[in-house]
Amino acid sequence: IRGINMKARFFTDITCPWAWQSSRWFKKIEEELKIPTTWELFSLAIKNKSSNKSPEMREKHHKSLRVLRILQAVQNELSNDNVSNLYTAIGINFHVKKQPIDSNLENILLECGIDNKFLENMDNEDLDKMIENSTNQAVKLCGNDVGVPIIVLNDGKKEKAIFGPIISDVPNLEESLEMWEHFKYICFNENIHELKRERFIPLGL
């Protein structure tokens, strides 16, 4: 009931560990407060594209883009729940189990109840424009000097976007709900555009 008028859009890049941690926090909020949330794609590789990258970085970005194409194809053809579940499953494999981003995909799709035909989209460059459009849409809503996650909140009266939160550890439910209340206030208050400090707690992954 507390989130009855709120809707959200969560833009994320599957490879970003900080966005992954934030997504685990937001999943708690989504489920506890029954907030309709659309899970959207963002490509750090596309946003930060440059010819000056090292071969290793170009390879990393190439692998991540191939996985994002699967998610984009699923978004095009299936439901938002399928996108959310697939993002979660790939994220567990990559961020928690420390497996390569493009590994175990056949089994992951099977576990999510998604047809393995979607693996055929890994080399479908036609999907890149859709991923780029989604990335640009998030940047347009929030500004260019940002990364992921970008969260867009709509309370039925206004819609605002913000980059963050960037958290090291995923808080428990009680702390998650308390953080949500502060997050909402900051997101809707356009007078606040930046809060930042040095990272004192290492990434909890």
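Reader: Is Thr37 buried or exposed?

Author: In this predicted model, Thr37 has a relative accessible area of 6%. Thr37 is therefore buried, the cut-off being under 20%.

Reader: Which element holds Thr37?

Author: Thr37 belongs to strand β2, which covers residues 37–41.

Reader: And what does Thr37 touch, leaving out residues up to four places away in sequence?

Author: Thr37 touches Ala8, Phe10, Phe26, Glu30 and Asn80.

Reader: Phe26 came up among the contacts of Thr37. Where else does Phe26 make contact?

Author: Phe26 belongs to α1 and takes part in the packing of α1 with α7. Helix α1 spans residues 17–33 and helix α7 spans residues 173–188.

Reader: What are the angle and the distance between the axes of α1 and α7?

Author: The angle is about 90°, and the axes are 10 Å apart. The two helices are therefore roughly perpendicular to each other, a term that applies from 65 to 115 degrees.

Reader: Which residues make that contact?

Author: From α1 they are Trp25, Phe26, Lys28, Ile29, Glu32 and Leu33. From α7 they are Leu173, Ser176, Leu177, Met179, Trp180 and Phe183.

Reader: What is the contact of α1 with α7 like by class?

Author: It has nine nonpolar residues, one polar residue and two charged residues.

Reader: A change of topic: where is Arg66, and is it buried or exposed?

Author: Arg66 lies in helix α3, residues 55–77. Its relative accessibility is 18%, so Arg66 counts as buried.

Reader: Which residues are in contact with Arg66, aside from neighbours within four places in sequence?

Author: Asp102, Met122 and Asp123 are in contact with Arg66.

Reader: Now the whole chain. How many helices and strands are there?

Author: The protein chain has seven helices and four strands. Along the sequence, their pattern is β-α-β-α-α-α-α-α-β-β-α.

Reader: How does the radius of gyration relate to that of a compact globule?

Author: A compact globule of 205 residues would have a radius of gyration near 17 Å, and the protein chain agrees with this because its own value is 17 Å. The C-alpha trace spans about 40 × 40 × 30 Å along its principal axes.

Reader: What share of the residues is buried?

Author: Buried residues make up 47% of the 205.

Technical notes:
Residues are numbered from 1 along each chain as its sequence is written. This is a predicted model: local features need pLDDT of at least 70, side-chain atom pairs count only at pLDDT 80 or more; totals for chains, interfaces and linings use all residues. Side-chain values use heavy atoms; hydrogens and water are left out. Axes are lines fitted to C-alpha atoms, for helices over the stretch in contact, and angles run from 0 to 180 degrees between N-to-C directions. Angles under 35 degrees count as roughly parallel, over 145 as roughly antiparallel, 65 to 115 as roughly perpendicular and the rest as oblique. Contact means heavy atoms within 4.5 Å. Ala, Val, Leu, Ile, Met, Phe, Trp, Tyr, Cys and Pro count as nonpolar, Asp, Glu, Lys and Arg as charged, and the others, Gly among them, as polar. The radius of gyration is taken over C-alpha atoms; the globule rule is 2.2 Å times the number of residues to the power 0.38. Buried means under 20% relative accessible area, exposed over 50%, partly exposed in between (1.4 Å probe, protein chains only).
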